[in-house]
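Subject: Handing over a structure

Dear colleague,

I am passing this structure on to you, and you will find it just below.

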Amino acid sequence: MRYIQRQSAFARGLHWIHTIACMSLFVTGLMLFIPAVASAVGLGAMQGARTVHRVMAVIFIAAPLLAVVVNPKGFKHFLKNMFYKWDAGDKEFMAKFFPYLFTGAKQHMPEQKELKSGQALSDWMLFAFAIAISISGVFLWLSASGVAINGTLTLWMLVAHDVAFVLLGLMMFVHIYLGAGVFQPYRGSVRLMFGDGKVSESDALYHWGTWAKEELAKGDKVSVE
Amino acid sequence: MAETAILYDASKCTACKGCQIACKQWNQLPAPLTAEEYEFTKSYQGPLDLDPDTWLLMTFSEVSMDIGVEWNFMRHACFHCTDAACEMACPVGAISHKDNGAVVIDQDKCIGCQYCVNNCPFSIPRAKVIGGTDYAKSFKCWQCFDRTSADKDPACVTACPTDALEYGDRAEMVAKAKARVDTLKEQGFDKAEIYGENEVGGMHTIIVAHRGLEAHGLIRDPKVPVATSLLDLAKPLSAVGVGVVVGALGFSFAMGSKYKRGEHSYDEKTDTWTIGEVE
């Protein structure tokens, strides 16, 4: 069977780092979000959670920024996939996506490029929420560290941080459900970021038909197993 | 325990600062003791603002009036609001209402995030890093809950030599304050007002401001910040969001669980896309 190398080792490494940072931030953030958790775990655990939250926040922000510096080519590729004008196929995909998701994938979906329009939309949202949570988090950290920041501004940063946390958390549920292949028609996609980054010819054609045909024709990323 | 309140009558206050000292003494709060330690404030008000070791501060507002410059005094400390913004903002549940209405910070739970400091419309809580640790904690008046729960008056009340401070049943304190305002008006204090009866859901410090709220440095019609109210809404709304998303994904999972598809293959030479039989 033929396989296409879809994700590079660099992309997978970055994804691993961000996954660990995200999960740690989510858990420690949850401890700070739900008072009952704080009461249950006690002060020592809460102070530990705050420290972990800050260390992971640095990784969360620094890792992608460093990746841009180290691998500008990869960043350009990422931008190219994110910024493109949707054609009829992209719009049709999005129009059919929710019926597809909730009716057992019975919709016939149009062929997609390297990034499905739904993926691009989801990435955009993740990107926007990540920026919002990062900026507001830096403000909150500075404020708690004694830097003189206007109290009202700090308060709104806290609101922004909470809102971004909730939205990002909800998006992560969907991201994991689809990306890790919990959804039956997406089975196997976990290999892309947590395995060797390869996708089978069959899965590639099913998910990203246009891209798969191009890659199979070019052949430089294709291997046989 | 019935709702209680401290009644502060500014018209009876001489600003002797006995209450301020009693607060320091009972709560074992350090104070600068030498001239070198103490910053000269050019005012009888000292320190100039509340701090983590000063939970009650007598303020001296100098106001130019017909009779010359007058001092308007105020007991500046936590008002123990019913709608306490600090409590709403605390992410770890360290701030809570006692049955008598006192708003108390549990130091064993406080993580020093200082959200209460930013949320209080009166800027009452103050934070400091605790010696020997890297972590801050917030501090403010707790209405001497250790004393009141043992049927004793708060320390500040016991120290007042002019009966400007009283402590008791909240309804009784409100009634006394109203009666006092009426008396003051009869005596020519036209601007005399009561503060705390209804503000931010009703406070557990009731104030008689004989020269009007502004003259005593009080905020008229204080509100819980909009942002704080949003924070209070965030938790139930996010619980609904999680329920909806998890429910939707569960439904999607169930609907998709029997999905099968045949193998897709592509012949790039003939540009032919084949889909195999479903197994």
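**Chain B as a whole**

In chain B, 58% of the contacts between residues at least 6 apart in sequence join residues at least 24 apart. Please keep in mind throughout that this is a predicted model. Chain B holds seven helices and 12 strands, and its radius of gyration of 28 Å is well over the 19 Å that the globule rule gives for 279 residues, so chain B is more spread out than a compact globule. Its C-alpha atoms, taken along the principal axes, fill a box of roughly 105 × 45 × 40 Å, and 38% of its 279 residues are buried.

The chain is divided into two parts, with domain 1 covering residues 4-224 and domain 2 covering residues 228-275. Taken over C-alpha atoms, the centres of domain 1 of chain B and domain 2 of chain B are separated by 54 Å. The two domains do touch, through five residues from domain 1 of chain B and four residues from domain 2 of chain B. Helix H2 (residues 85-89) of chain B supplies the largest share of the domain 1 side of this contact, namely three residues. Sorted by class, that side of domain 1 of chain B has four nonpolar residues, one polar residue and no charged residues.

**Where the two chains meet**

How many residues of chain B are in contact with chain A? There are 39 residues on the side of chain B, and they are in contact with 41 residues of chain A. Two or more residues each are given to the chain B side by helix H3 (115-119), helix H7 (226-256) and strand E11 (264-267) of chain B, and H7(B) gives the most, with 16 residues. By class, the side of chain B that touches chain A has 21 nonpolar, 12 polar and six charged residues.

Among contacts in chain A between residues at least 6 apart in sequence, 67% join residues at least 24 apart.

One place in chain A to look at in more detail is the packing of H5(A) against helix H6 (residues 117-144) of chain A, where the axes are 8 Å apart and meet at an angle of about 75°. These two helices, H5(A) and H6(A), are therefore roughly perpendicular to each other. The contact is made by Asp90(A), Phe93(A), Met94(A) and Phe97(A) of H5(A), together with Ser117(A), Gly118(A) and Leu121(A) of H6(A); by class, its residues divide into four nonpolar, two polar and one charged.

Phe93(A) lies in helix H5 (residues 88-102) of chain A. The C-alpha atom of Phe93(A) is separated by 12 Å from that of Leu115(A), which is 22 residues away along the chain.

**Backbone details in chain B**

Most residues other than glycine have a negative phi, and most peptide bonds are trans. Gly46(B) and Pro47(B) are joined by a cis peptide bond, with omega about -5°, and Pro47(B) is found in the loop between helix H1 (18-26) and strand E2 (57-65) of chain B.

Asp163(B), a residue other than glycine, has a positive phi near 60°. Asp163(B) sits in the loop between helix H5 (155-159) and strand E8 (165-169) of chain B, and it counts as exposed, with 11 C-beta neighbours inside 10 Å.

Asp271(B) likewise has a positive phi, of about 55°, although it is not a glycine. The loop that holds Asp271(B) runs between E11 and strand E12 (272-275) of chain B, and Asp271(B) is exposed, with 9 other C-beta atoms within 10 Å.

With best wishes

Notes. Residues numbered from 1 in each chain as written. Chains lettered and ligands numbered in written order. Predicted model: local features only at pLDDT ≥ 70, side-chain atom pairs only at ≥ 80, totals over all residues. Domains from an automatic or database assignment. Contact = placed C-beta atoms within 7 Å. Helix = DSSP H or I, 4+ residues; strand = E, 2+ residues; numbered from the N terminus. Nonpolar A, V, L, I, M, F, W, Y, C, P; charged D, E, K, R; others polar. Rg over C-alpha atoms; globule rule 2.2 N^0.38 Å. Buried ≥ 20, exposed ≤ 12 C-beta atoms within 10 Å, placed from the backbone. Axes fitted to C-alpha atoms, helices over the stretch in contact; angles between N-to-C directions. Parallel < 35°, antiparallel > 145°, perpendicular 65-115°, else oblique.
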